[in-house]
Amino acid sequence: MQFRHPRAVALLLAGALAAGQAAFWLLPRETLSEKEKRVLAAAPQPTAASLADGSLFADIDRYLADHFPGREALVGLNAYQRQAEGQNAVGEIVRGADGWLFPAPVSADRQILWDNMQAITAFAAQQDAPVYLMAVPSAGAVVSDKLPRLHLPYPDDTLLEEARRLAGDSVQWVDLLEAFREADRPETLYYRTDHHWTTAGAYRAYARLMEEKQASSVPQEAFAVERAPGFYGTSYAKSGLWLTAPDTLELWTDPALQATVTVYDANREEPVTQQGLYFRAYLEQADKYPVFLSGNHARVHIQTNADSDRRLLVVKDSYAHALAPFLAEEYRTIDLIDLRYFKRQTISDWLAENPADEILFVYGLSSLTGDTALQWLA
Amino acid sequence: MSFASLIFLYFFLPAVLAGYYILPRRWRNPFLLAANLVFYGWGEPWFLPVILLTALVNWLIGRRMAACTVRRARRRWLIAALALDLGLLVAFKYTGFVLQNLGLEGLLPGAIPLPLGISFYTFQVVSYVLDVYRHAVPAEDSPVRFAAYMTFFPQLIAGPIVRYGELRGQLTGREETWNKLANGFCLLLCGLGKKMLLANPMGALWNGLRALPDGTGVLGAWAGAAAFTLQIYFDFSGYSDMARGLGRLFGFELPVNFRYPYAAHSIREFWRRWHITLSRWFRDYVYFPLGGSRRGMARTVRNLLIVWALTGLWHGAAWNYVLWGLYYFVLLTAERLLGEARLARLPYALRRVLTLALVAFGWVLFGIEDPGALGAYIASLFSPAGGLISREAAVWVLSYLPLLLAGAVLSQPVSVRLRRRWGRTAALRWGVPAGSLALLVLCTAALAAQSYNPFLYFRF
């Protein structure tokens, strides 16, 4: 077409491209994205090898995408554009009502679930101590009235039923799905912007465990509740929907309970020890979730003044972090082991040196159906 | 380097434009050649020798042919050039396929890498040596100009397939104007928008539907076919728009490759509107030399069979592409046998719908390489066993319904009508640049948010 002011049009569009590049060179570089909760790509290193296998070019592309000026705003724009186009139910995050960001349904592929259940039951069959398994349903299966009307089915019912069947007699199954659905306000049991259960959700799971053990649990009223607003979780980070309101973290403390927490990591010589179950320094940081047991570690050891001399081993993923303060009410000694990081010995070997009176598996259903680290059990 | 990447849009392109316009005219072609090589070598530098060798040999042979008056000697040069060009294409693209079909795939240590754009630039140099041989164009004297033509980065990797004769005058005497620049940017961003905002989501829908473990149902399967039909159109025509837009930024006018193919009312017309420069190539360098349609029905059908088997194979070294080519052979032969007059008796709307459905079915053949998966998908298109639409498929289709409808509308010549009606108003004069800028922002957002999005036609 014939423009009346072709020069203005050409300079405007060329200027936009040039300005994008200029901003890239002039603006300071971030090393991590607080909103996306991840370390941004490092500057590519040109070497003969990276040039030869072409990885240099891929690294440059990744670096540019991660450090492009206004990246967070652009990611947000893209996310809201996709929402406007109607794609709220087919991404990694399903956007529901009232600011709910649900992780998409777990894959219905059962192979990893079968392998994991096989590993757990084979392990449990060799133990004298009772073994409990707590498989945490996903938020979408529990808080279903906040899901968008149009969404892919959450297969938690069938997958959990399958897991329970596979667990057989050697493992005591702690059913959470029914208990969660029957709760007065199921939406208080999960975060809106994170895949984890809330402290209230963890408390309910603890109560279910005690029920399963036919023991009494500490009543809810015994805990003092401290609220920390402004928590943005993993679903928020993945969604790009930056205008979503944050969650509030709750720290439940029993004033009578004293606990010492020691954190062991494979790549750290000296373990870290602190008094008290919450790592409050994290409340000041962008990623607040590590307030529970300071995040993911190979092993966390908890010593309490609980009125019991029993010792508990928890094999778990991060769902157990919010549960630990309640378990601390019941056991003098607790070890929490995360098989994704605990690689020096198998659990069986570790148990031979550190016998436990009870063993509890705590896993989100997404880990049971997707994480292969459980193969390190025996 | 892909057009749909931040490094191309914000780094390579501004740098090349600045260098190009700063330099005096006589340095512009050599500068373009250098830019072409950087563009081509970015990502896979080890194929640079292949393309440079192809350019050099074809340039030399062109000169030899031009200098030679003996017909037989010219013919020998021609055969040498064709043997080299087509030999390289066959060696890189079809060796694995041939050996696999002979049951000899063990002879190869691994997959042979395909040099980027080899199918396109090979056809371009073949057209050059044939045209020089036929005295249709003079041979190019300057190796730099020849290499700049053969490796011209806007159309190097996925067309349009430009003949030397079309660019010859532009290589020496083109004029860069502000209006060409403005149009070039707008066309570039329009093509980018087609790719990022329509083709990619349609591809996500197509892949999402195909991955459903329990199938899609009949309606879901046709929605998947529609999604792929739109994906491949917006992907490829978007690329061609970008190529033409980029050409204009440097003062070149490249041929049109797509003219609203989904507005066709017959298969024959579809192929006059789809990938026009490829159809033209096969017509001029295969179909006509074989005798075209002038030697009776039997010869015509034979020629069509050859052309369409080759067209299928050109698109990929797998049987589904051959099947897809033969599918069009059957359809075009049937149209020819029925005759245009008889077809014209059908209502126009019916012809449109029928053509689109046949084309969409064709894309299913094209889109699924694995024979088992292809068979299953075709079954789901026609068998009521899977129900009308599965719940999962319904979620996918409804989530993308606004884009499916937008794509369906935009694949029709509505913008032509709009331009005719509003083209002279201020609203459109400012709407086009403002819209281009908005497209740039949205596409940049999509590029920053996702990391990997190759063009479909890069595979060929």
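Colleague: So, is A:H321 buried or exposed?

Modeller: A:H321 is buried, because its relative accessible area is 2% and buried means under 20%. Keep in mind that this is a predicted model.

Colleague: Where does A:H321 sit?

Modeller: You'll find A:H321 in helix α11 of chain A, which covers residues 319–327.

Colleague: And which residues is A:H321 in contact with, leaving aside its neighbours within four places in sequence?

Modeller: With those neighbours set aside, A:H321 touches A:F292, A:L293, A:G295, A:N296 and A:K316.

Colleague: OK, zooming out. How many helices and strands does chain A have?

Modeller: Chain A has 13 helices and 14 strands. Its C-alpha atoms fill a box of roughly 85 × 50 × 45 Å along the principal axes.

Colleague: What share of chain A is buried?

Modeller: Of the 378 residues in chain A, 54% are buried.

Colleague: Let's switch to the two chains together. How many residues are in contact there?

Modeller: On the chain B side 46 residues are in contact with 45 residues of chain A. Between them the two chains bury about 4,300 Å², and 76% of that is on carbon and sulfur atoms.

Colleague: What's the count of salt bridges between the chains?

Modeller: Zero salt bridges between chain B and chain A. There are five residue pairs in polar contact, though, with both residues at pLDDT 80 or more.

Colleague: Which elements of chain B give two or more residues to that side?

Modeller: Those are α1 (6–22), α9 (178–210), α18 (391–410) and α20 (426–449) of chain B. α20(B) gives the most, with 16 residues.

Colleague: Last topic: which residues make the nonpolar surface patch?

Modeller: B:V98, B:L102, B:L104 and B:L107 make a patch of about 390 Å². B:V98 lies in helix α4 of chain B, residues 71–101.

Colleague: Why does B:V98 count as partly exposed?

Modeller: Because its relative accessibility is 42%, and partly exposed runs between the under 20% of buried and the over 50% of exposed.

Key. Residues numbered from 1 in each chain as written. Chains lettered and ligands numbered in written order. Predicted model: local features only at pLDDT ≥ 70, side-chain atom pairs only at ≥ 80, totals over all residues. Heavy atoms only, no water. Patch = residues over 30% accessible without salt bridge, like charges linked within 9 Å, V, L, I, M, F, W, Y side chains within 5 Å. Areas by Shrake-Rupley, 256 points an atom, 1.4 Å probe, with all protein chains shown as cover. Salt bridge = Lys/Arg side-chain N within 4 Å of Asp/Glu carboxyl O. Helix = DSSP H or I, 4+ residues; strand = E, 2+ residues; numbered from the N terminus. Buried < 20%, exposed > 50% of the residue type's maximum accessible area, 1.4 Å probe, protein only. Contact = heavy atoms within 4.5 Å. Buried area = accessible area lost by both parts, 1.4 Å probe. Polar contact = N/O pair within 3.5 Å; in protein donor to acceptor, adjacent residues only side chain to side chain.
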